[in-house]
Amino acid sequence: MIDLQLTDKTHDEERQGEALIIDAPKALNARKLYIESYGCQMNFADSEIVASILLDQGFETTGNYQEADAIFINTCSIRENAEQRVRNRLSQFGIEKRKNPKLIVGVLGCMAERLKSKFLEEEKLVDVVVGPDAYRDLPALLEQVGEGQKAINVLLSREETYADISPVRLNGNGITAFISIMRGCDNMCSFCVVPFTRGRERSRDPHSILAEAQDLHERGYKEVTLLGQNVDSYKWKGSDQADDQAETVVNFAQLLEKVALISPELRVRFSTSHPKDITDEVLYTIKKHDNICNNIHLPVQSGSTRVLELMNRTYTREWYINRVDAIRSIIPDCAISTDIIAGFCSETEEEFQETMSMMDYVDYDFAFCFSYSERPGTMAARKLEDDVPEEVKKRRLKEILLKQQESSRKRLQESVGKTVRILVEGYSKKSDLDLCGRNDQNAMIVFPAVENVKPGQYVNVVIERCTSATLLGRIAD
Ligand code: 5AD
Ligand code: SF4
């Protein structure tokens, strides 16, 4: 788990600017590509698709942008500060561009889609702007740039899932990987820019998902995370491979089961679930398969039915509580994490208290907490007033974060004294005398390294104590 800080910058969805390096052999005279990704896991998965497309064009990745022939920045628009971070980074890349005018600077992802050609007007150093559904066009766009023109493709698609492109695993630990199972979003939450930047929802062919998971398993990977903006609405209609004539429908529970059946040694995670769509069938599938992790990310956003309605979340407080009760009764030791927004348009103090009482009710294992940031073009920006003063948003966010810190610690404390099975992911960030890995519930466990225990193995660890975000233990005898 990620340390909670008293800022709204802790969200994984806003992971910052990690440079991604391919784990493929280096070719002589290859052009060097530097990709930096911001935002959600989906964006990081997309960068692996981009790297795969550009690898075919003779690019190899580098972790040092100063030696790059092309710098790509895969951007996020979810909150204003995510965009600001990208702009600051672009001005740093401008220094390189002035040194080397042949350097190609590209903007990918959600900000490219939101700002379109405005990007080329506003940021003079940018040569190419590509939206999330247009990555296949990169070779042609780069050719255009090579001829001295600016290039842009921000067309959204109803079909593109990049199903046939085998992502190049970037910065991989060789143990855990993301698999994108769908793209886009049809929910139209009033605060959210995603439907505008990532387009309509479409599900990827399950055969290609299973082939990708099988391939990862054969290459020694031990965990896959199935990604979608709303995995519960995954739905694929198509022909059965065994019988071309028969049309089959695969829903998320069925897909999850198929992936779980690849091997009991391959752990399966998924994100994100939507409270309006998560079914008992999904919960029973999780219960049935030991290798599907007991961990559900179920964004609540607010505990107030009136605010949820303004957010166009299409569920009430009672509905959400009903889904939490179903999780608790079907999978008693399931971790539940969430996303919460403080200070949405017209949120009163009483309504904020309803969010706090929801947090008490659920006792979340983890929460990504934000203060509301108005996004241009969204329903809220057009129809509602962003009228909660900034200091009130900040104060509410702080209260939410403090409550979550307590909850996270309490949930972790429950594991102290127990023996848990974990997948070792690597050495701890702080010391290479310690290994770390996650348990079923996605809690991070750090323990002293011992001989014969290596990253990629499952081991049992006795939990001895915890901090607010991490469990500490030792290998069980
Ligand atoms: N302001 C603040 N938080 C937002 N999120 C999405 N849009 C906004 C916004 N405009 C949060 C939601 C969502 C998560 C990915 O980001 O909580 O679940
Ligand atoms: Fe950011 Fe949303 Fe785009 Fe992901 S989908 S990069 S969270 S705006």
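A residue is taken as buried when its relative accessible area is under 20%. In the predicted model examined here, Asp127 has a relative accessible area of 10% and is therefore buried. Asp127 is placed in the loop that runs between α4 (118–122) and β6 (128–130). Beyond its neighbours within four places in sequence, Asp127 makes contact with Lys97, Leu103, Ile104, Val105, Leu120, Val145, Gln149, Lys150 and Ala151.

The overall architecture was considered next. The protein chain contains 14 helices and 22 strands. Its radius of gyration is 22 Å, close to the 23 Å that the globule rule gives for 477 residues, so the chain is as compact as a globular protein of that length. Along the principal axes, the C-alpha trace of the protein chain extends over about 60 × 60 × 55 Å. Buried residues make up 57% of the 477 residues of the chain. Among contacts in the chain with a separation of 6 or more, 72% are accounted for by residues 24 or more positions apart.

The protein chain is divided into domain 1 (15–153), domain 2 (176–413) and domain 3 (419–475). The centres of domain 1 and domain 2, taken over C-alpha atoms, are 28 Å apart. Contact between these two domains involves 18 residues of domain 1 and 21 residues of domain 2.

The structure holds 4 cavities of 30 Å³ or more. At least two lining residues are supplied by each of α1 (41–55) and β8 (176–180). By class, this lining comprises 7 nonpolar, 2 polar and 4 charged residues. Because domain 1 (15–153) and domain 2 (176–413) both give residues to the lining, the second largest cavity lies between them.

When residues up to four places away in sequence are not counted, Glu212 touches Pro167, Arg169, Phe178, Ile179 and Arg204. Arg169 lies 43 residues from Glu212 along the chain, and the C-alpha atoms of the two are separated by 12 Å.

Among the open sites, the second largest pocket has a volume of about 570 Å³. The lining of this pocket is formed by 27 residues, of which Asp333, Val420, Asn439, Asp440 and Gln441 lie nearest its centre. The elements giving two or more residues to this lining are α14 (390–413) and β18 (419–427). The lining divides into 11 nonpolar, 6 polar and 10 charged residues. Domain 2 (176–413) and domain 3 (419–475) both contribute to the lining of the second largest pocket, so the pocket lies between these domains.

Several features of the backbone were also noted. The peptide bond from Ser271 to Thr272 is cis, with omega near 10 degrees. Thr272 is located in the loop between β14 (267–271) and α9 (280–288). Met188 is not a glycine, yet its phi is positive, at about 55 degrees. This residue, Met188, occurs in the loop between β9 (182–183) and α6 (194–198), and its relative accessibility of 32% places Met188 in the partly exposed class. Ser346, likewise a residue other than glycine, has a positive phi near 65 degrees. The loop between β16 (335–342) and α12 (349–362) holds Ser346, which has a relative accessible area of 26% and is partly exposed. The values for Met188 and Ser346 fall in the partly exposed class because that class covers the range between the buried limit of 20% and the exposed limit of 50%.

Definitions and conventions
Residues numbered from 1 in each chain as written. Chains lettered and ligands numbered in written order. Predicted model: local features only at pLDDT ≥ 70, side-chain atom pairs only at ≥ 80, totals over all residues. Heavy atoms only, no water. 1 Å grid on protein atoms, 1.4 Å probe; cavity = no way out; pocket = protein on both sides within 12 Å on 5 of 7 lines; lining within 4 Å. Points joined across faces, edges and corners; volume = space filled by probe spheres on them. Helix = DSSP H or I, 4+ residues; strand = E, 2+ residues; numbered from the N terminus. Nonpolar A, V, L, I, M, F, W, Y, C, P; charged D, E, K, R; others polar. Domains from an automatic or database assignment. Rg over C-alpha atoms; globule rule 2.2 N^0.38 Å. Buried < 20%, exposed > 50% of the residue type's maximum accessible area, 1.4 Å probe, protein only. Contact = heavy atoms within 4.5 Å.
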